[in-house]
Amino acid sequence: MSDQLLTVNNLSVAFQSGSITTKAVNGVSFSLNKQESIGIVGESGSGKSVTATSILRLIPRSFAKITSGEIIFQGRDLIKLSAGQMRKVRGNDISMIFQDPSTSLNPVFTVGNQLVETIRAHRKISKKAAKQRALELLDLVGIPAPDKRITMYPHEFSGGMRQRVMIAIALACDPQLLIADEPTTALDVTVQAQILNLMKDLQEQLGMAIIMITHDLGVVWETCEQVLVMYAGRIVESATVKELYQRPLHPYTWGLLDSQITESQDSDAPLSSIPGSPPDLSYEVTGCPFVERCPYAEAICHQETPPLQQLADGHAVACHFQTGSNTLERKEHAYREGTFTRS
Amino acid sequence: MREPLLEVEGLKKHFPVSSPIPFKKSDQRVKAVDGLSFKVYKGETLGVVGESGCGKSTMARLVNQLIKPSDGVVNFKEANLVDMDAERLRLTRQKIQMVFQDPYASLDPRLQVGQLIAEPLVIHKVGTTATRKKRVEELLETVGLNKRYADRFPHEFSGGQRQRINIARALSLNPELIICDEPVSALDVSVQAQVINLLKKLQAEFKLTYIFISHDLNVVRYMCDRIAVMYLGRIVEIGTYEEIYKNPQHPYTKALFSAIPKENPFADKEHIILKGTVPSPLNPPTGCHFHERCPVAMDICKTKEPNMITSKDTHQASCHLIN
């Protein structure tokens, strides 16, 4: 297809620490069209960030290794590129913004300096023209009085303003794809609303694709069209957001949806939560990785790992009991522990 | 009327700012908390919400006198903590405990879990070594941990388990009031639910009163009976959770709750996007602190500070629009 921007095929990433190998990402495949936004959700340690940073090959080379797979971006396999070629992709075709805006900017340079550096690294233009572009960018991301702000240092900005600067740097070279790794987790709700709004506007205006990594399903509902649910380094379910909300299929997704606190949540009933914790990926996982925490598990789940199966209508799920011929009945309150009464 | 356990009147904390000129005293003050008055009733949970920098945590530390207020009264069971002598304060403080945000920073990595939980007992000279050991085991089971964990170290536990240890430690002296300062912010959603369930269970079991500070409005809605909304060191609205959620009076409260991301992809939620960020408490705006960001600000807001207006018995807000 011509409007396909990124295809990740069977990506696996492992971390080596002494004699211990941790398989952080295990055979992840997905694709992304131009101007599309896709959300990746999961608990900490589920491999969402590793997947995204692997696309830019930002994982530390000394102990992390892409063990298999390919990442096709605009017809080229990013894994096979040389370091120099890769550097031309980063910040130019694909940009990334990170969770913590206070540690991702360099404290000893002004924000103008950092913007100009990015622009001049990829474009052969004069310092003056680059500064002009930097001013435009700061204005674009809604920073008031950019001509004053450009000479300021990161510590003179608030958290939300720093995240805006990060976005300005990421957008400096009109990227095709923006990877946002928990961009609003460290921010207040009011500022989160500002930033998400800004990202949606800019996406429309500039026509880029977004990969949004988050643990907050609310952020996914707000910003994405497609969503991948990750667990223990694998994709366990992928669908459009509307489909995932209306017809979720994987028991883990049910657990995630159930543990959201919604308006209809009765404050006298306990919250649902998924018992236990994800498996330690430094050991070989046999069977379904979710088996220990799954209220629906049966014998086969302990022995065989279910593959991600494409059902009709672009909805894929990895569960032995959610295939075309097999279906599972979702139980109400499957993840609720006991009751308590309040005096 | 229910019995208030804690009454706070006109609480203020102004931090001095170091002057740019050496040895010269600065007359600038950061007004972190600037005139708070509220009551906490026995057995209830008071939620405190607001953006970062609005003085939530300073308020928590002022209530149990971890820092001394510049002005104001903190009455706990009708005794004023502010002018109490050190020895009486120490004894009274047994009944007020805290649970902090970061479970990785709040446990001493060199102490075993048993020692950590017994520490408050040792400080207040409660019981003997043997009875303390029994109490530790009892507490571990209360918070849902195995009693054999007493001789392990904090690094052996996950974030959720560490927060359980913190809660056990807070419970060790049978407190009446527990101040939870963002107790679940550092945890994953499903672990967060477990810790919240535990806090609710303990409240029912031991008749505890909570002050629950959080910036997660969904958690606050679920946990709390009453909610206080803070902005720049002041309470702008206080009321039961139903009043605050269903009938918010202050424009800031409205904006704050409209900023929560929508609950499902089909919802068509209108967000009130506030301009800018919280102004500096070093140099707060004149009049109503919120007027610079307020979508419905009038001329009077720039000059005159609004009073707390009681619209219902339990519901108060400070805004010129309510009259």
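Mentor: Chain A has 11 helices and 12 strands in its secondary structure. Keep in mind that this is a predicted model.

Trainee: How do you know that the radius of gyration of chain A agrees with a compact globule?

Mentor: The globule rule is 2.2 Å times the number of residues to the power 0.38. For 343 residues that rule gives a value near 20 Å, and chain A has 22 Å, so the two agree. Along the principal axes, its C-alpha atoms fill a box of roughly 65 × 55 × 45 Å.

Trainee: What share of the residues of chain A counts as buried?

Mentor: A residue needs 20 or more other C-beta atoms within 10 Å of its own to be called buried. In chain A, 46% of the 343 residues count as buried.

Trainee: What share of the contacts in chain A with a separation of 6 or more is between residues 24 or more positions apart?

Mentor: That share is 65%.

Trainee: What makes chain A and chain B count as touching?

Mentor: Two residues are in contact if their C-beta atoms lie within 7 Å. By that test, 39 residues of chain A are in contact with 35 residues of chain B. On the chain A side, α7 (189-206), α8 (217-223) and α9 (241-246) each give two or more residues. The largest share comes from α7(A), with seven residues. By class, this side of chain A has 12 nonpolar, 19 polar and eight charged residues.

Trainee: Why is the length of helix α6 of chain B said to agree with expectation?

Mentor: The expected span is 1.5 Å times one less than the number of residues. Helix α6 (residues 189-206) of chain B has 18 residues and should therefore span 26 Å; its end C-alpha atoms are 26 Å apart, which agrees.

Trainee: What makes α6(B) mostly covered?

Mentor: Of its 18 residues, 15 are buried. After α6(B) comes K207(B), with a positive phi near 55°.

Trainee: Which domains does chain B have, and where do they lie in the chain?

Mentor: The domain assignment gives domain 1 as 40-65 + 84-224 and domain 2 as 229-323. Taken over C-alpha atoms, the centres of these domains of chain B are 30 Å apart. Their contact involves 12 residues from domain 1 of chain B and 11 residues from domain 2 of chain B.

Trainee: Which element gives the most to the side of domain 1 of chain B that touches domain 2 of chain B?

Mentor: That is α7(B), with three residues.

Notes
Residues are numbered from 1 along each chain as its sequence is written. Chains are lettered from A and ligands numbered from 1 in the order in which they are written. This is a predicted model: local features need pLDDT of at least 70, side-chain atom pairs count only at pLDDT 80 or more; totals for chains, interfaces and linings use all residues. Domain bounds come from an automatic or database domain assignment. Helices (H or I, at least four residues) and strands (E, at least two) are DSSP runs, numbered from the N terminus. A residue is buried if 20 or more other C-beta atoms lie within 10 Å of its own, exposed if 12 or fewer, and partly exposed in between; C-beta atoms are placed from the backbone. Ala, Val, Leu, Ile, Met, Phe, Trp, Tyr, Cys and Pro count as nonpolar, Asp, Glu, Lys and Arg as charged, and the others, Gly among them, as polar.
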